[in-house]
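Trainee: Before we go through this chain, could you show me the sequence and the model together?
Mentor: Here they are; please keep both in view while we talk.

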Amino acid sequence: MISVSLLLISSDFHIFKVKPIAFVGRLGNVMGEYATLLALARLNGHVPYQQESMEDELKKYFNPSMPVVSREVYHKVNWTKHHIHDWMSDEYSTFACNFTSIHGYPCSWTFFHHIRGDVKREFQFKRDIIRDTQAHMKSLKKSDGMTFIGVHMRRGDYVNLMNNSYDGVLANSEFFTRAMNYFRDKFKDCLFIVCSDDLNWCKQNIDNSLGDVHFCWNGDSSSPGRDMALLTQCNHSIITIGTYGFWSAYLTGGEVVYLNNYLRNTSVFHNVFHFNAAYLPEWIPIDADLNSTQWLS
């Protein structure tokens, strides 16, 4: 996760905007920043504006409607700074200052779920992306009754972070077996669409003995928007950790099975992350195996 700033600007009108401390971050982070910005701006009665760098990232895949505030205007503002945590609190609906910079990690459904329809409209993928992903899904469909389950496994930098900083674990093969069996027991004809930043690990650790697992795009993760678009064309979702998995499941709808309690009690990350603020209450948790070391390699 990265630390971001929510900026509340006012001259003759009110502007609400999100700015990263050092960089915008990956796609899931940026989507969380945008959705939080939209929700808090409305709650405080302000007009939302986004930063140029945010628009540059989002417009690769979506057509975000929020207007942009220029870098020149941003640097002329004298900000009052406030820090927020990663879940909605009552005080965030009553920002008193016209020029406010809010720092924290705003990526939680508790900020924006009450306007989820508007959020989903903002994150509708561009037509060419949807056309390509739908064509790919059509090529995989073997029967009219097939149920598609999107699966996202986040590894990358989290292997090191979980092992050395966050005192937690990532998903192992047992998690995927249990999650996939949940859907196999519920639906007659399933196909699991696996996307990951480490598809080689997935191919080695996700059981495909039944032939119902498809590892998408041959591991080409150069376009995270294309992967997410493919996942959102599924009926249901299996996700592990990270904002990217959250957004793929949130936009998909359907049932969601997720990796739960992957932090040990001694993890300092509990101070800034609450599971009940990260995953919707109707989503289905499977507790991580805190003794597992399989995920490390």
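**Helix packing and backbone details**

Trainee: Among contacts with a separation of 6 or more, what share comes from residues 24 or more positions apart?
Mentor: This is a predicted model, in which local features need pLDDT of at least 70 and side-chain atom pairs count only at pLDDT 80 or more, while totals for chains, interfaces and linings use all residues. Residues are numbered from 1 along each chain as its sequence is written, and side-chain values use heavy atoms, with hydrogens and water left out. With contact meaning heavy atoms within 4.5 Å, the share from residues 24 or more positions apart is 66%.

Trainee: How many helices and strands are there in the chain, and what percentage of its residues is buried?
Mentor: Helices (H or I, at least four residues) and strands (E, at least two) are DSSP runs numbered from the N terminus, and on that basis the chain has twelve helices and 13 strands. Buried means under 20% relative accessible area, exposed over 50% and partly exposed in between, with a 1.4 Å probe and protein chains only. Of the 297 residues in the chain, the buried ones make up 56%.

Trainee: Which residues of α11 are buried?
Mentor: Ten of the ten residues of α11 are buried, so this helix is largely enclosed by the rest of the structure. The buried residues of α11 are T243, Y244, G245, F246, W247, S248, A249, Y250, L251 and T252.

Trainee: How are α1 and α11 oriented to each other, and which residues make the contact?
Mentor: Axes are lines fitted to C-alpha atoms, for helices over the stretch in contact, and angles run from 0 to 180 degrees between N-to-C directions; α1 (residues 27-43) and α11 (residues 243-252) pack at about 60 degrees with their axes 7 Å apart. Angles under 35 degrees count as roughly parallel, over 145 as roughly antiparallel, 65 to 115 as roughly perpendicular and the rest as oblique. The two helices α1 and α11 are therefore oblique, and their contact is made by L27, G28, N29, M31, G32 and A35 of α1 with T243, Y244, W247 and L251 of α11.

Trainee: Which residues of α10 and α11 meet?
Mentor: Helix α10 (residues 224-232) packs against α11 at an angle of about 40 degrees, with the axes 8 Å apart. The pair α10 and α11 is therefore oblique. In this packing, P224, D227, M228, L231 and T232 in α10 meet Y244, W247, S248, L251 and T252 in α11.

Trainee: Is H152 buried or exposed, and what does H152 contact beyond its neighbours within four places in sequence?
Mentor: H152 lies in strand β8 (residues 147-153). Its relative accessible area is 5%, so H152 is buried. Leaving aside neighbours within four places in sequence, the contacts of H152 are C195, S196, L231, I238, I239, T240, Y244 and G245.

Trainee: What is the phi of D167, and what is that of N261?
Mentor: Most residues other than glycine have a negative phi. D167 sits in the loop between α7 (158-166) and α8 (173-186) and is partly exposed at 24% relative accessibility, whereas N261 belongs to the loop between β12 (256-260) and α12 (275-278) and is partly exposed at 32%. Neither is a glycine, yet phi is positive, about 55 degrees for D167 and about 50 degrees for N261.
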